[in-house]
Amino acid sequence: MTRRFNFCAGPAALPESVLQQAQQELVDWQGAGLSIMEMSHRSSELVGIANKAEQDFRDLLNISDDYAVLFLQGGASTQFSAVPLNLLGDKKSADYVNTGQWSKKAIKEAQRFCDVNVVASSEDTNFTTIPAFDSWQLNKDAAYLHYTPNETIGGVEFFDVPDVDVPLVADMSSTILSRPIDVSKFGVIYAGAQKNIGPAGLTMTIVRKDLMGNASAHCPTMLDYKTAADNDSMYNTPPTYSLYLAGLVFAWLKEQGGLAAMEQLNRRKAEKLYSYIDNSGFYANPVELSSRSLMNVPFTLASADFDKAFLAEADEAGLLNLKGHRSVGGMRASIYNAVPEEAVDTLINFMKDFAQRNG
């Protein structure tokens, strides 16, 4: 078997050792005589797996008891609805920051439930910048402020946490677990699993407990954070296999030295790739220097005429899923936690060779 380097934005690369352990345990989990996929979510084995996964996740992010950790379904996109349905209370409006395609989708969904005040937008720069905080038009009557710390498609990332007087909500799908964060600054953090956590099907949601219990009367039971918390994320059958694999990833991250160690590695990978792009004379990255994502690196070639050949040759070289999102074109290398430094080095060497032959 030959593993190739996967730069997909999601579902994304998983640690090879995690996949190997899952393979070994697929048919018979630790002598239980059945697969995780066949276990009741009420069984002591599965409950134990869920409890350990939650504790490891809490340890990695230093999450206090003031917060509930929820294992949910529906992807981050379902949280676009769940957030206003849970947090609006008796208020009529919420603040949103627009820094890319995922922000826009969150805004559009929230408009179904409340008046959305877009406090700042970088659409005028084609989402290549982060709006300066002193330009934000905050609404003092907002129920919360929502932002997307890392935009997967455009490759822009916030490195400072907004300081606001209302609960702060963050869609961290493509940046969670890539570096340490101060969870205490947030009201709600949610993240689809399929980038830095595990396979698709699971959504990790961190909710400050004092924000639960005020869901709209129109909030579906399955979207009510308190319902999920009161039932230990098992009001219905959770995505058990995705939960199990996420737990293996959390344990793997702790073995790597935790999030401080991952940040060092991720910064090194990103700096290598950006440095080569900036100095190549053949490739370009459109994002302002201070806003460049550590996780998603978009780039263009000297001419779009080279794109098809670049992708075909990259595939032959064992470098997969480098095509940029259809909305922006070009290329994109997603270099999440499980993408090894060797993958980035190999990509840079390929890019150098391609540029020399076509420049």
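## Strand pairing and aromatic pairs: exercises

Let's start in strand 13, where serine 334 is the bridge partner of asparagine 296. Keep in mind that this is a predicted model.

**Exercise 1.** Work out in which sense strand 11 and strand 13 pair, and over how many bridges.

*Solution.* Now check the faces of strand 13, which spans residues 331-334. Met331 and Ala333 sit on one side, Arg332 and Ser334 on the other, and all of them are buried, leaving both faces covered.

**Exercise 2.** Classify the ring pair formed by tryptophan 136 and phenylalanine 158.

*Solution.* A search of the whole structure turns up 18 aromatic pairs. For tryptophan 136 and phenylalanine 158, the ring centres are 6.4 Å apart and the planes meet at 80 degrees, so call this one edge-to-face. Next, place the residues: tryptophan 136 is in the loop between strand 4 and strand 5, phenylalanine 158 in the loop between strand 7 and strand 8. That's a link between distant parts of the chain, 22 residues apart. Both residues are buried.

**Exercise 3.** Do likewise for phenylalanine 310 and phenylalanine 354.

*Solution.* Here the centres lie 5.2 Å apart with the planes at 85 degrees, so the pair is edge-to-face. Phenylalanine 310 belongs to helix 8 (residues 307-316) and phenylalanine 354 to helix 9 (residues 341-358), 44 residues apart. Both are buried. Finally, zoom out: Phe310 and Phe354 are part of one aromatic cluster, whose members include Tyr276, Phe282, Phe299 and Phe350.

Notes
Residues numbered from 1 in each chain as written. Predicted model: local features only at pLDDT ≥ 70, side-chain atom pairs only at ≥ 80, totals over all residues. Heavy atoms only, no water. Phe/Tyr/Trp six-rings, centres within 6.5 Å; stacked < 30°, edge-to-face > 60°. Helix = DSSP H or I, 4+ residues; strand = E, 2+ residues; numbered from the N terminus. Buried < 20%, exposed > 50% of the residue type's maximum accessible area, 1.4 Å probe, protein only. Pairing = 2+ DSSP bridges.
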